[in-house]
Amino acid sequence: MSTALLIDGQLVPGRGGEFATINPATEETLGYAADADADDMDRAIAAARTAFDDTDWSRDTALRVHCLRQLRDALGDEIEHLRAITVAEVGAPVSLTYGGHLQAPVDGLGYVADLAENYTWTTDLGEAAPFGKPTRRTVVREPCGVVGAVTPWNFPHQINFAKLGPALAAGNTVVLKAAPDTPWCAAEVGRIINERTDFPAGVVNVVTSADHALGAQLTEDPRVDLVSFTGSTATGRAVMVAASHTIKKVFLELGGKSAYIVLDDADLPAACTAAAAGVAMHAGQGCAFTTRLLVPRARCDEAVAAAATAMSSIGFGDPTDPKTLCGPLISARQRDRVEGYLRLALEEGGRFACGGGRPADRAQGFFIEPTVIAGLTNDARVAREEIFGPVLTVIAHDGDADAVRIANDSPYGLSGAVVGTDQARVDWVASRLRTGTINVNGGVWYSPDAPFGGYKQSGIGREMGVAGFEEYLETKLVARGISGTR
Ligand code: NAD
């Protein structure tokens, strides 16, 4: 299979030729994707600009709602094809494609279509007489214009649709620049839009490329009004700097190093088992995964043992197997990066309670054994930096206030969890965590109507929910003079 770019309503080859997409579980080349060059990106931005400026797209809410529902349904019709690609290209465990890896984000398009259909686009502020001039004031919400959406490889459908859906529902036009490791997931959406929906030409453009510079091009181009970026904090910083030259609005979803806090009245073995599963899932390649397990000091050894037992029994496996929770890492580069952190853990004085490297019996695929690190404090780099692998670091705390202190002692503030029996204590802890989402006693925060995003260096803005929709809107105040009244 090979894929095309979607530019100005046409499926076209990349001017840079093609690049390979790799199955991370087998290291085999799956096929090829169109490799866009800077001219392709330039045409995609021009098409999005024209579609925004010269068509009724931004004003025709009914058309937008229709197109988004059409897209959701067309994706549903091809869901098995998309599932196969997602498992093969991303290494996503197939069980997760029935949730956050595919089905849930596709369903989320229906949520934003409903939201746009029922949204209050104008609000009457009533009459007033500022400086003695009788005036009727109306607040109008309008789309920002051309959105440059730049996405990573770890949950490509979730992140692509969490940008495309609200940006389009709000009336923007979009250039989606997909991650070089997962071009097919995005390109197939472009094909389906082209073949099976009524989106006008230029409203959605999908660009795949092996070259990261095309992402930078989007952030610099003056024709782009808003950059919606998900990726590493380092790249987010570069996006913010580049966007500052033309004062673009930026929306950033970045890294995390979230804490799972176990209070001393919690069911410790159950909590450690849940924490281990949450980090082994998709080989730990989730920005909001709780990769620091904070446990009462007196029961730290017991917690390490429980987490290690759970991690070892989860193991790793073929992502096509419905029982697999932990598949491969996306690439040799990511596997090498995770291995570097595992070496660092030992250098910093830590020890592995299980795992610790590549599986000995697996020659092919970018696998890392689910790993539990013990013996470190929150000062270790391994406890402070995002590893993005199936690696859980267990850290001792000395009570509720100390757990809060450790959890918040991080440059990140994306997510977190707290478990305990005494509801007042649990709530006391939850209310002090400086994070955008929090799981309290097993609650699930992921949902199309629930805003997701980070405090501190985990990002700016919120994705999904009403807040995620409104990120893509400007606010205009229209003041109409009332003649003849005074
Ligand atoms: P990355 O930052 O390397 O790349 C993300 C995207 O940015 C890719 O499409 C890439 O081509 C593009 N890019 C690279 N350099 C660029 C530049 N200078 N300007 C503009 N675009 C550029 O991230 P990654 O390795 O693909 O993804 C992993 C990271 O993403 C992790 O740090 C993870 O925490 C983060 N992430 C965050 C969230 C969230 O919602 N907070 C979700 C998923 C992933």
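Let me start with the ligand. It has 27 residues around it, and those that come nearest are T151, K177, H212, L254 and E386. Bear in mind throughout that this is a predicted model.

What is the make-up of that shell? The residues of the shell around the ligand are 15 nonpolar, 9 polar and 3 charged.

At S232, a polar side-chain atom lies 2.8 Å from an oxygen atom of the ligand. The side chain of T235 has an N or O atom that is also 2.8 Å from a ligand oxygen atom. A216 takes part through its backbone: one of its backbone N or O atoms lies 3.4 Å from a nitrogen atom of the ligand.

How much of the ligand does the protein bury? The ligand taken alone exposes 840 Å², and 89% of that is buried by the protein. As for where the shell comes from, the elements giving two or more residues to it are α7, residues 213–220, β10, residues 226–230, and α8, residues 233–244.

Next, a helix. α4 runs over residues 103–118, which is 16 residues. From its first C-alpha to its last it reaches 24 Å, close to the 22 Å expected at 1.5 Å a residue.

Which residues of α4 are buried? They are P105, V106, G108, L109, G110, V112, A113, L115 and A116. These buried residues pack against four helices that you can find on the structure: α2 at 61–77, α3 at 79–90, α5 at 156–169 and α15 at 465–470.

Is A186 buried or exposed? A186 counts as buried because its relative accessible area is 1%, and the cut-off is under 20%. Leaving aside neighbours within four places in sequence, A186 is in contact with N160, L176, A178 and V206. V203 is 17 residues from A186 along the chain, and the C-alpha atoms of the two are separated by 15 Å.

The other residue is D400, found in helix α13, which covers residues 400–408. Why does D400 count as buried? Its relative accessible area is 15%, so D400 falls under the 20% cut-off. With neighbours within four places in sequence again left aside, the contacts of D400 are L263, R425, W428 and V429.

To recap the ligand site: the protein buries 89% of the 840 Å² that the ligand exposes when taken alone, and S232 and T235 each place a side-chain atom 2.8 Å from a ligand oxygen atom.

Notes
Residues are numbered from 1 along each chain as its sequence is written. This is a predicted model: local features need pLDDT of at least 70, side-chain atom pairs count only at pLDDT 80 or more; totals for chains, interfaces and linings use all residues. Side-chain values use heavy atoms; hydrogens and water are left out. A residue is near a molecule or strand if one of its heavy atoms lies within 4 Å of it. A polar contact is a pair of N or O atoms within 3.5 Å; within protein, one must be able to donate a hydrogen and the other to accept it, and residues adjacent in sequence count only if both atoms are side-chain atoms. Accessible areas come from the Shrake-Rupley method with a 1.4 Å probe; for residues, only the protein chains shown count as cover. Ala, Val, Leu, Ile, Met, Phe, Trp, Tyr, Cys and Pro count as nonpolar, Asp, Glu, Lys and Arg as charged, and the others, Gly among them, as polar. The expected span of a helix is 1.5 Å times one less than its number of residues. Buried means under 20% relative accessible area, exposed over 50%, partly exposed in between (1.4 Å probe, protein chains only). Contact means heavy atoms within 4.5 Å.
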